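Please look over the structure below before reading on. The text takes helix packing and then aromatic rings.

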Amino acid sequence: MRYFNTSGPNMPRQHYTLQRSQLIKRGLQLVERERYFTIWAPRQTGKSTYFQLLSERLKEEGYLVTHVNFENYKEATMKAFLNEFHFKIIEGWGIDFTGKDLQETNTPYIQI
């Protein structure tokens with residue numbers, strides 16, 4: 001049985017969730033066009049839920065998606081952040097960069 005969520009991440013299978021189908025569709029179009037975008041809104045208005053739902057849709061379309069909340073690292077050292085980011089990529093994408101110099105790759109999307 002679903003209930004109203006008042007704290008923590010929203011999980012549509014457990015919580016009442018306002019589906020934003022048109023906004024998800026627009027986000028998918030922006031990703032397909034390789035466009036950056038942000039959502040600015042007050043607290044508790046569904047921003048994280050939106051990106052969670054968009055990431056699920058992108059996975060259905062064959063995209064590799066991982067979630068990193070940069071706010072969690074505002075007090076972290078660069079080394080701690082990069083180690084955690086590396087772990088997220090291994091966990092989410094199955095790609096391990098251990099021992100590789102990313103500055104010498106021919107991939108234009110990976111730049112330090």
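The model is predicted. Begin with helix α1, residues 21-32, and helix α2, residues 47-60. Two packed helices are described by the angle between their axes and the distance between the axes. Here the angle is about 60 degrees and the axes are 10 Å apart. That angle makes α1 oblique to α2, and the crossing of the two is right-handed. On the α1 side the contact is made by Leu-23, Ile-24, Gly-27, Leu-28 and Val-31. On the α2 side, Tyr-50, Leu-53, Leu-54, Arg-57 and Leu-58 take part. Sorted by type, the residues of this contact are eight nonpolar, one polar and one charged.

Now turn to the aromatic rings. The whole structure holds six aromatic pairs. One of them joins Phe-70 and Phe-81, with 5.5 Å centre to centre and 40 degrees between the planes, a tilted arrangement. Phe-70 sits in the loop between α2 and α3, while Phe-81 belongs to helix α3 (78-93), so the pair links distant parts of the chain, eleven residues apart. Phe-70 is exposed, because its relative accessible area is 54% and the cut-off for exposed is over 50%. Phe-81, at 16% relative accessibility, counts as buried, since buried means under 20%.

Phe-81 also pairs with Phe-85; these rings are stacked, at 5.7 Å centre to centre and 25 degrees between the planes. Both residues lie in helix α3, four residues apart, or about one turn of the helix. Phe-85 is partly exposed, with a relative accessible area of 30%. Ring pairs link Phe-70, Tyr-73, Phe-81 and Phe-85 into a cluster.

Note on methods: Residues are numbered from 1 along each chain as its sequence is written. This is a predicted model: local features need pLDDT of at least 70, side-chain atom pairs count only at pLDDT 80 or more; totals for chains, interfaces and linings use all residues. Side-chain values use heavy atoms; hydrogens and water are left out. Axes are lines fitted to C-alpha atoms, for helices over the stretch in contact, and angles run from 0 to 180 degrees between N-to-C directions. Angles under 35 degrees count as roughly parallel, over 145 as roughly antiparallel, 65 to 115 as roughly perpendicular and the rest as oblique. A crossing is left-handed if the near helix is turned anticlockwise from the far one by less than a right angle, and right-handed if clockwise. Contact means heavy atoms within 4.5 Å. Ala, Val, Leu, Ile, Met, Phe, Trp, Tyr, Cys and Pro count as nonpolar, Asp, Glu, Lys and Arg as charged, and the others, Gly among them, as polar. Rings of Phe, Tyr and Trp (its six-membered ring) pair if their centres lie within 6.5 Å; planes under 30 degrees apart count as stacked, over 60 as edge-to-face and the rest as tilted. Buried means under 20% relative accessible area, exposed over 50%, partly exposed in between (1.4 Å probe, protein chains only).
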